[in-house]
Amino acid sequence: MLERTPTEIWRDSRNPYDRKRQDKTPVGLKNVGNTCWFSAVIQSLFNLLEFRRLVLNYKPPLNAQDLPRNQKEHRNLPFMRELRYLFALLVGTKRKYVDPSRAVEILKDAFKSNDSQQQDVSEFTHKLLDWLEDAFQMKAEEETDEEKPKNPMVELFYGRFLAMGVLEGKKFENTEMFGQYPLQVNGFKDLHECLEAAMIEGEIESLHSENSGKSGQEHWFTELPPVLTFELSRFEFNQALGRPEKIHNKLEFPQVLYLDRYMHRNREITRIKREEIKRLKDYLTVLQQRLERYLSYGSGPKRFPLVDVLQYALEFASSKPVCTSPIDDIDASSPPSGSIPSQTLPSTTEQQSAPSSEFPSTSPAAIAAVSSRSVIHKPFTQSRIPPDLPMHPAPRHITEEELTVLESCLHRWRTEIENDTRDLQESISRIHRTIELMYSDKSMIQVPYRLHAVLVHEGQANAGHYWAYIFDHHENRWMKYNDIAVTKSSWEELMRDSFGGYRNASAYCLMYINDKAQFLIQEEFNKETGQALVGIETLPPDLRDFVEEDNQRFEKELEEWDAQLAQKALQEKLLASQKLRNSESSVTAAQAGETEYLEQPSRSDFSKHLKEETIRIITKASHEHEDKSPETVLQSKLENDTSQTPSNQRVVEVAIPHVGKFMIESKEGGYDDEIMMTPNMQGIIMAIGKSRNVYDRCGPEAGFFKAIKLEYSRLVKLAQEDTPPETDYRLHHVVIYFIQNQAPKKIIEKTLLEQFGDRNLSFDERCHNIMKVAQAKLEMIKPEEVNLEEYEEWHQDYIKFRETTMYLITGLENFQKESYIDSLLFLICAYQNNKELLSKGPYRGHDEELISHYRRECLLKLNEQAAELFESGEDREVNNGLIIMNEFIVPFLPLLLVDEMEEKDILAVEDMRNRWCSYLGQEMESNLQEKLTDFLPKLLDCSTEIKGFHEPPKLPSFSTHELCERFARIMLSLSRTPADGR
């Protein structure tokens with residue numbers, strides 16, 4: 001049984017900057033528990049500027065306190081108040097997204113549902129419009145004495161149609177009002193076909209006959225609303241299974257929909273065109289049937305195009321005649337393949353008549369060689385058809401006259417069939433084109449409606465996720481509103497997700513607006529200046545105050561976060577300073593005209609002549625030792641080093657990788673094994689060894705200059721090397737990391753000085769003196785020469801780089817052990833840290849695609865494990881599978897959806913969701929069905945809200961040597977494993 005950890009609820013990021021609105025980007029709505037349906041509908045309405053203005057400027061009736069407190073008024077007025085606040089925040093907030101909880105709770109109370117139930121979006125939309133209509137009706141009745149005051153909600157969303165037809169032989173006409181117009185999807189390919197079917201019921205001929213006993217009716221729009229909403233019925237009840245099912249059929253719809261053909265004023269011309277279309281479709285059916293006879297010819301189960309049949313007959317007739325039966329030339333008594341009798345060899349005469357390609361040598365010697373050669377059994381070539389037999393069947397007997405007549409007939413018939421087929425195909429294409437253009441004349445394109453919003457559902461009938469595509473009329477582009485995430489989109493993405501027939505996503509609601517009613521999307525203007533009002537300027541005074549107060553609270557939250565970071569940074573800086581320096585630096589005042597600190601003389605006060613001599617000797621010594629290996633230099637150093645060991649020092653034999661074994665002298669407690677084994681210390685010891693001659697001739701300062709320049713040159717060379725993936729010199733040395741990322745020169749110099757000034761170098765006199773020179777140089781650094789905050793930041797980034805590497809290594813090692821849960825946690829930390837590093841530069845972190853690939857594979861593997869446990873049907877296994885999903889898959893799926901440009905991640909999420917959605921159509925026990933129904937909304941309702949760790953996984957302590965070794969080992973193992981499309 002898996003150990004279940006306490007469930008972590010979805011929560012806002014602790015960093016308020018993650019929740020800060022960027023510029024004037026649209027604001028998202030937080031999913032507060034299966035409320036993506038609310039977000040999709042509200043965002044679609046909010047982006048209708050006229051609707052937005054109506055809601056924002058709504059004022060409750062003055063006599064609201066005197067109205068009877070019935071249930072309707074008790075709900076409507078509080079909901080309108082919360083809706084105004086919500087719209088105001090969507091207009092002017094500084095937050096990336098806002099919380100709609102208060103408005104949602106009022107709606108949920110009306111539905112008498114609990115939080116875990118997913119609402120039917122059509123029912124919700126109807127309820128929302130009803131409430132808005134009632135709220136504005138109360139206000140309208142207060143402001144006018146008319147018997148039927150105008151209600152702006154009715155004016156905006158409601159239209160009228162005339163139902164006219166025949167019922168049991170009697171004609172009737174009724175005018176009806178409609179809001180959302182329902183359309184059936186099943187059996188139709190586009191929106192116009194749906195509308196045609198919805199506008200006609202029964203036999204259309206009976207509608208115009210005087211004495212018909214049949215019944216039928218037509219619907220004609222008499223008045224269209226400025227905002228026309230179509231409900232696409234994508235759910236139907238399966239009587240056999242006893243549950244609703246979703247219809248995934250593809251249904252196309254246009255960006256501009258012309259509704260002239262459905263208007264009452266155009267009924268006569270529309271009827272004529274419908275009759276013509278009906279006649280053309282009947283004719284089209286006949287032509288298609290005829291074409292089918294040509295394309296599928298024959299009377300048996302297998303049929304072929306007639307043109308091909310004639311061609312095959314022509315090829316058969318034209319083949320070379322064969323005078324024998326196809327079985328007569330096969331010797332039934334042929335010997336086994338192990339030997340070839342002499343009579344099977346061709347005679348000299350036969351050889352002479354055979355083509356040279358078949359018998360390359362015809363001499364008696366060649367024949368003797370063949371007969372004496374042992375025969376090799378070749379199972380794949382020995383059974384081939386002899387070359388003198390025809391490849392295809394051929395007629396036994398045919399005369400030239402017969403062949404001429406037959407070829408002439410077959411050629412002529414084939415040409416006739418080709419012409420007939422082409423004529424039929426062209427006629428069918430012309431009829432299709434005629435039908436398409438039937439309503440394209442000018443009189444039938446006078447009522448254009450432009451697509452404003454598409455509400456999409458992904459999932460099955462009883463579980464799913466909702467989002468909306470909304471057209472930005474001013475920027476002329478599509479936007480995707482997916483809970484808190486609002487991103488730029490395209491018509492191509494909209495078609496893919498909305499038409500259906502692809503994955504489990506499809507449109508369930510289309511919102512069109514009258515393309516001539518510009519007031520719907522027109523911005524407000526200042527009456528005095530004529531300039532467009534934007535943001536908080538469009539709000540009435542009470543809402544402006546409300547939004548400003550909320551923005552002040554958010555600004556305070558940002559300030560508190562900045563203060564926390566500053567305090568944390570100060571603490572880290574003090575701690576790092578204590579580690580980097582044993583005592584506080586004493587820095588003297590800077591004097592004008594002074595040279596840089598690395599070039600300044602230390603307290604030994606070398607003369608100018610000695611400095612010039614030092615430069616000359618450094619150059620000469622460099623040439624003397626440039627070809628010597630580190631071992632040679634160190635051996636020379638040790639052989640010539642005759643200094644005596646003081647009584648308070650100890651002698652230690654040190655074996656340093658890549659350097660060698662040698663004896664060092666060190667004060668008690670003054671030697672750190674781990675530091676001495678690091679690659680950077682190895683480099684420093686080698687550099688000091690190579691600078692021995694300069695040190696002996698010119699003293700410690702010259703030796704220091706020689707050593708530090710040698711080490712810096714070595715590191716620059718390593719930083720420029722093109723290395724395989726398993727070798728990353730950045731892990732070996734912090735300076736290489738700085739060089740590759742173009743750190744400031746002063747920061748690189750100070751870092752090298754810190755390393756040359758390390759107390760562990762005091763193991764002999766030469767190293768000790770060079771260390772003292774480096775420490776003196778460090779003390780001479782002036783505050784204006786090196787920005788200490790920047791210095792600390794670079795070193796903190798390097799520490800994070802090493803930690804990220806360790807997260808990556810541990811995650812990949814666990815992945816190879818098939819410990820996918822542990823692997824996932826480490827890889828997620830590696831990816832998040834790496835992303836922060838890469839945001840500062842391309843060489844700050846590791847290969848993002850590598851980490852992304854294995855993070856994605858971990859989720860897919862865990863999803864597969866969980867699905868297999870669920871499929872077992874055993875309670876214990878099912879519970880374990882759902883624990884994996886709830887604790888590890890669902891919380892981390894948003895990480896894959898944050899960057900919607902990463903197609904592989906998006907497809908992986910779709911694969912995981914589709915795996916679980918596929919269970920909905922299968923028979924299972926009621927307890928499993930209940931658990932699946934409870935779980936699926938969590939899986940499908942993932943917004944891009946990120947779950948954070950309470951604490952990241954703890955990393956063990958590690959040395960540089962261990963880090964480099966494990967990194968090389970894991971990267972080598974990956975290079976031997978297929979990348980699975982990475």
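Trainee: Which residues touch the most other members of the largest nonpolar core?

Mentor: Keep in mind that this is a predicted model. Phe704, Phe738, Phe756, Leu761 and Trp916 touch the most other members of that core, which has 97 residues. Helix H28 (residues 875-897) supplies the largest share, twelve residues. There is also a second, separate core of 62 residues, and Leu48, Val98, Met153 and Ala453 are among them.

Trainee: Which residues is Phe756 in contact with, leaving aside its neighbours within four places in sequence?

Mentor: Its contacts include Phe704, Leu761, Ile684, Ile688 and Met771. Glu711 is in contact with Phe756 too.

Trainee: Why is Cys698 called buried?

Mentor: Buried means under 20% relative accessible area. Cys698 has 6% relative accessibility, so Cys698 counts as buried. Cys829 also has a relative accessible area of 6%, and is therefore buried.

Trainee: How many disulfides are there?

Mentor: The cut-off is a pair of cysteine sulfur atoms within 2.5 Å. By that rule the count is zero.

Trainee: What span is expected for helix H12, and what does H12 reach?

Mentor: Helix H12 (residues 400-436) has 37 residues, and at 1.5 Å a residue the expected span is 54 Å. From its first C-alpha to its last, H12 reaches 54 Å, close to that expectation. Its buried residues, including Leu403 and Ile435, pack against helix H8 (267-295) and helix H9 (306-318).

Conventions
Residues are numbered from 1 along each chain as its sequence is written. This is a predicted model: local features need pLDDT of at least 70, side-chain atom pairs count only at pLDDT 80 or more; totals for chains, interfaces and linings use all residues. Side-chain values use heavy atoms; hydrogens and water are left out. A nonpolar core is a set of buried Ala, Val, Leu, Ile, Met, Phe, Trp, Tyr and Cys residues joined through side-chain atoms within 4.5 Å. Buried means under 20% relative accessible area, exposed over 50%, partly exposed in between (1.4 Å probe, protein chains only). Helices (H or I, at least four residues) and strands (E, at least two) are DSSP runs, numbered from the N terminus. Contact means heavy atoms within 4.5 Å. The expected span of a helix is 1.5 Å times one less than its number of residues.
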